[in-house]
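Dear colleague,

I am passing on the structure below, followed by notes on what was found in it. Please read the notes with the model open.

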Amino acid sequence: MKLRDLSVRHRLTLNNAIMVFVPVLLLVIIGSTVFYGLRATGNFREREIELLWPEAGNSVPVLMGLSHIFTNVDGGERESLGRHVASMEAAGVEVAVIRDGVVVYETVPGQAHSLIAASYELASGDGNVMHWDDAGLVYRYISKDKKSIGVAIGPVPFLIGRGYFPPHMGLIWSLIAIGVFLLAAAIIVFIGLLLVRRMTRDIVAPLEDLQQASRRIARGDYDTPVASHGTDELGETAAVFEEMRRQLQAGRKMRDAYEKNRQELFVGIAHDLATPLTKIQGYTGGILDGIANTPEKQKKYLELVYHTSQSMEQMVHELFLLSKLDLGKVNFQWENASLAPLLQQYVDQQKEALASQGFSLHFDDQLQSGESSAVVLDRIQFQRVLDNILGNAIKYKDSDDGSLTVRLAAKDGGYLIECEDRGCGVAQEDLGRIFESFYRTDKARADVAKGSGLGLAVTARIIEAMKGRIWARPAVPKGLCICIWLPTKQAFAQGMETGKVETV
């Protein structure tokens, strides 16, 4: 796992641990170096004393050894005497200790008693003796109960200032200590700067990027993506910002589209209301001016006014319904229904009346025998969808005879309804726009008298409310096919819970 994959909390903890660990490690290294360095130069305590008291010269090992002999004679440090007098013996001093008549230590095996006798020869008297001059050292210590004795004799002259360390060792150690301190401080500062730089790169830089991104979003710039630097808390925050940016961008696009649709809606309303109003004004003006000077003409003009006002009423009604659909104010009465019987019933009710007008209507059920076609829909709104598609096919039939075939098949986990006519059709470049409000193609469907341009827009909104999809394609060999996909009853229920229905 890389360091940048850790969470911000773990990275801060690790940085703090390193800041504490590095000084402690340096102290351990320096202390260990001094400790084992003194050990390597001889007896640790002797070198330590010489280090702190360099002017004592080479007397330190002898004085330390004599002190341990004294302690040993009085009963302490029985097993460690050899280690403590080793430096003194290396200088030529022989040591012997007899306690309670038993030899407990002697430099030369078998020479303890002779070494004690020699001490009496070199220093007469029965008491304790320490004689150290240019000729050498004579040391004798007798315990208070006269049962133990320790001696040290050797030709070690008493010289001051010629120890292991030079006399100016204090200055040298001061300089070394200052150098070690500066080096340790440099290492700590370097590690600190390295950690600060890493923290800046991993934490501060992403925060600055988020700050810049929030400022761009506040200015209305929703097109610049928010960069993500990892998978930690900052990376997740950047991902949330990016999702917010995309939603705001989509919202702005939707708002722009709504604004464009609103403007087109106003233009369409003004255009489609102006034509019938002009007709009404013309007909009523003809009556008032006396052009319709017979009861038959007056009746004809009044009928034209009446039919024109009905068309206006129908358009206003569809416009009001479209507005309510866009605002989500239509209360759908959902119910379970089977598509096959419903479509068959609709075709049976319409085809006899249409046949007298030279228009044929057929239903083609392509489901397998016994296959369910259960869906959830609003029966009234679904009939409105079928009425709009049928009315569209009748209005734009290519000759005196027209036809519409309604097919039902299973597709993509739902049901596909294809309504295929043999009318004049729609150009390929206009297929994607026929479901827009007040849209009419210039060639095939530009006759305002044949419709308000709202029928297919209303149809599309109703199908979307039913969690379905609607699109158009050219029919073969000619005509237009309106395709409607509706989810199954189970998929519709899941879509109502999650807010969407998965479609292919």
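Buried here means under 20% relative accessible area, exposed means over 50%, and partly exposed lies in between (1.4 Å probe, protein chains only). This is a predicted model, in which local features need pLDDT of at least 70 and side-chain atom pairs count only at pLDDT 80 or more, while totals for chains, interfaces and linings use all residues. Residues are numbered from 1 along each chain as its sequence is written, and side-chain values use heavy atoms, with hydrogens and water left out.

A search of the whole structure finds 13 salt bridges, a salt bridge being a side-chain nitrogen of Lys or Arg within 4 Å of a carboxyl oxygen of Asp or Glu. In one of them, glutamate 242 meets arginine 245 with the closest N and O atoms 2.6 Å apart; the two residues are three apart in helix H8 (residues 233–288), and therefore separated by about one helical turn. (Helices, H or I of at least four residues, and strands, E of at least two, are DSSP runs numbered from the N terminus.) Arginine 245 is buried at 5% relative accessibility, and glutamate 242 is buried as well, at 11%.

Glutamate 420 and arginine 473 form another salt bridge (3.7 Å, N to O), which links distant parts of the chain, since glutamate 420 lies in strand S10 (residues 414–421) and arginine 473 in strand S11 (residues 469–474), 53 residues apart. Glutamate 420 is buried, at 8%, whereas arginine 473 is partly exposed, at 26%. Salt bridges with shared partners join Arg407, Glu418, Glu420, Arg422 and Arg473 into one network.

Best regards
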